[in-house]
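The stops below go from selection to selection.

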Amino acid sequence: MQLLEKDILSMNENIDKLTDEYINILEDVVNIESPSLEKDRVDEVGRYFIELSNKNGWEIEIKKFEDFGDVVTVIMNRNATGGVITLSGHMDTVHPVGLFGNPPTKREGNKLLSIGGTNNHIHILIGIKPAQSLCVQDI
């Protein structure tokens, strides 16, 4: 399926409408410290995405692990004409809890200041706004 110029413009408008919500989600999730070897904390990030998915009517698949964080797959738009959107990324922050203060991320207006903020859950979040926009448009 080829996106038309009107589809892209509409998608950009929808993305703009979601900006405040997106920044709030980003702040929430990057403030969940989840060192790689602390299953409970990594699973807390997973629960955040499960709640977010439930709130938005997205599907989720969970693969449970005993010793490590569970894998949560978010599936959007399963029945759209353009196909399924699946988001994936790692949910650990690696660094020890409290190393960068509490909370580890500071907000100044619509900017988030974070050490390592782009090396954790952001990989999943990068796709949420465009994906939500595509869902709204049923593309």
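A polar contact here is a pair of N or O atoms within 3.5 Å; within protein, one must be able to donate a hydrogen and the other to accept it, and residues adjacent in sequence count only if both atoms are side-chain atoms. This is a predicted model, in which local features need pLDDT of at least 70, side-chain atom pairs count only at pLDDT 80 or more, and totals for chains, interfaces and linings use all residues. Residues are numbered from 1 along each chain as its sequence is written, and side-chain values use heavy atoms, with hydrogens and water left out.

**Whole chain**

Start with a cartoon of the chain, which has five helices and five strands. Helices (H or I, at least four residues) and strands (E, at least two) are DSSP runs, numbered from the N terminus. Along the sequence the pattern reads α-α-α-β-β-β-β-β-α-α. Of the 139 residues in the chain, 40% are buried. Buried means under 20% relative accessible area, exposed over 50%, and partly exposed in between, with a 1.4 Å probe and protein chains only. Among contacts (heavy atoms within 4.5 Å) with a separation of 6 or more, 66% are between residues 24 or more positions apart.

**Helix 2**

Select residues 19-30, the twelve residues of helix 2. From first C-alpha to last, helix 2 reaches 16 Å, close to the 16 Å expected at 1.5 Å a residue; the expected span is 1.5 Å times one less than the number of residues. The buried residues of helix 2 are Tyr22, Ile23, Ile25, Leu26, Glu27, Val29 and Val30.

Now pick out Glu27 in helix 2. Is Glu27 buried or exposed? Glu27 counts as buried because its relative accessible area is 19%. Leaving aside neighbours within four places in sequence, Glu27 is in contact with Arg107 and Leu112.

Move on to Ser34, in the loop between helix 2 and helix 3. With a relative accessible area of 0%, Ser34 is buried. Its side chain reaches the backbone oxygen of Met91 at 2.7 Å. Show the C-alpha atoms of Ser34 and Val45 as well: the two residues are eleven apart in sequence and 7.4 Å apart in space.

**Helix 3**

Select residues 39-56 for helix 3. The end C-alpha atoms of helix 3 are 26 Å apart, which agrees with the 26 Å that its 18 residues should span at 1.5 Å a residue. Buried residues in helix 3 include Val42, Val45, Tyr48, Phe49, Ile50 and Leu52, and also Lys39 and Asp43.

Just after helix 3, Gly57 takes a positive phi of about 75°.

**The largest pocket**

Next, display the largest pocket, with a volume of about 170 Å³. On a 1 Å grid over the protein atoms alone, a cavity is a set of points where a 1.4 Å probe fits but cannot get out, and a pocket is an open set with protein on both sides within 12 Å along at least five of seven lines; lining residues have an atom within 4 Å of a point. Grid points are joined across faces, edges and corners, and a volume is the space filled by probe spheres set on the points.

Which residues lie nearest the centre of the largest pocket? They are Asp70, Val71, Gly89, His90 and Met91, out of 13 lining residues. Strand 2 (residues 71-76) gives the most to the lining, with three residues.

**Two loops to finish**

Select Asn77, in the loop between strand 2 and strand 3. Asn77 is buried, with a relative accessible area of 15%. Asn77 and Trp58 are 19 residues apart in sequence and 7.5 Å apart in space, C-alpha to C-alpha.

Last, go to Pro103, in the loop between strand 3 (85-87) and strand 4 (105-108). A cis peptide bond joins Asn102 to Pro103, with omega about 0°.
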